[in-house]
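Please view the sequence and the model first, then continue with the text below.

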Amino acid sequence: MVKTTLPEDWQDLLADELEKPYFQQLYNFVLEERQKHTIFPPAKEVFSALRLTPYERVKVMLLGQDPYHDHNQAHGLCFSVRPGITPPPSLRNIFKELHDDLGCSIPNNGYLVPWAEQGVLLLNAVLTVRAHEAASHANKGWETFTDAIIRKVSDKPDPVVFVLWGNYARKKKALIDKSRHVIVESAHPSPLSAKQFMGSRPFSKINDALRGFGKEEINWQLPDL
């Protein structure tokens, strides 16, 4: 699974992590789960976020928590769903805020690959889940692995914008060098905290920070599919 699907640049960066006992245990756990249950996303898409956003191109990192656990939703990018799948509530709230913040029209899909291709690393803290069982793969080792990814991004010599929505993501602030990077944080866009999320203007804040770094802004407008 790892050697064939984890991109070479990230493999090199995370080589020490891949050799640690916890990762072998995690690998065996996911392998066994796939033999017994339906697991999302498919094995070839577990590391889609890393494949679509090479390390050298990361300029924004948006942290999610757990993959979507219904059929045909998760494809390896946090908050994103496949074309043709109705955007879940959190993603609909993200699009509403994007419209209010930057005037972007709300797309007819929730496929966030265009963001990833511009340097937005859309990483979940946990990279797999059992069908219809939210957080079923939490505390199995993925968090240790993705914490290592956050640290590697924080180690980049050029500044990055880290986007932390909700208390779970905000706990990752300790992994980030705040003297060099910008953190954009707010409540989570889920229906439970949407009132606090709406009006936080994260997208204009991200682009303002990128301009301050002398980097190209993200074009947040997603095309209709």
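Which backbone nitrogen lies 2.8 Å from a polar atom of the side chain of Glu143? It is the backbone nitrogen of Asn139. The model is predicted, so local features need pLDDT of at least 70 and side-chain atom pairs count only at pLDDT 80 or more, while totals for chains, interfaces and linings use all residues. Residues are numbered from 1 along each chain as its sequence is written, and side-chain values use heavy atoms, with hydrogens and water left out.

Glu143 belongs to helix H8, which spans residues 142-154; helices here are DSSP runs of H or I with at least four residues, and strands are E runs of at least two, numbered from the N terminus. Glu143 is buried but has no salt bridge. Buried means under 20% relative accessible area, exposed over 50%, and partly exposed in between, with a 1.4 Å probe and protein chains only. A salt bridge requires a side-chain nitrogen of Lys or Arg within 4 Å of a carboxyl oxygen of Asp or Glu. The nearest side chain of opposite charge to Glu143, that of Lys172, is 7.1 Å away. Beyond its neighbours within four places in sequence, Glu143 is in contact (heavy atoms within 4.5 Å) with Ala125, Val126, Ala138 and Tyr168.

**The nonpolar core**

A nonpolar core is a set of buried Ala, Val, Leu, Ile, Met, Phe, Trp, Tyr and Cys residues joined through side-chain atoms within 4.5 Å. The largest one has 68 residues, and those with the most contacts inside it include Trp142, Phe145 and Ile149. Helix H8 gives the most to this core, with 6 residues.

**Backbone geometry**

Most residues other than glycine have a negative phi, and most peptide bonds are trans. Phe40 and Pro41 are joined by a cis peptide bond, with omega about -10 degrees. Pro41 is in the loop between strand E1 (39-40) and helix H5 (48-52). Ala135 and Asn139 have positive phi values. Ala135 lies in the loop between strand E4 (129-130) and H8, and Asn139 is also placed between E4 and H8.

| Residue | Phi | Relative accessible area |
|---|---|---|
| Ala135 | near 60 degrees | 42%, partly exposed |
| Asn139 | about 60 degrees | 70%, exposed |

**Cysteines**

The count of disulfides, meaning pairs of cysteine sulfur atoms within 2.5 Å, is 0. The sulfur of Cys78 is 18 Å from the closest cysteine sulfur, in Cys104, and therefore too far for a bond. Cys78 is buried at 0% relative accessible area, and Cys104 is buried at 10%.

Technical notes
Lys and Arg count as positive and Asp and Glu as negative; His and the chain ends are not counted. A polar contact is a pair of N or O atoms within 3.5 Å; within protein, one must be able to donate a hydrogen and the other to accept it, and residues adjacent in sequence count only if both atoms are side-chain atoms.
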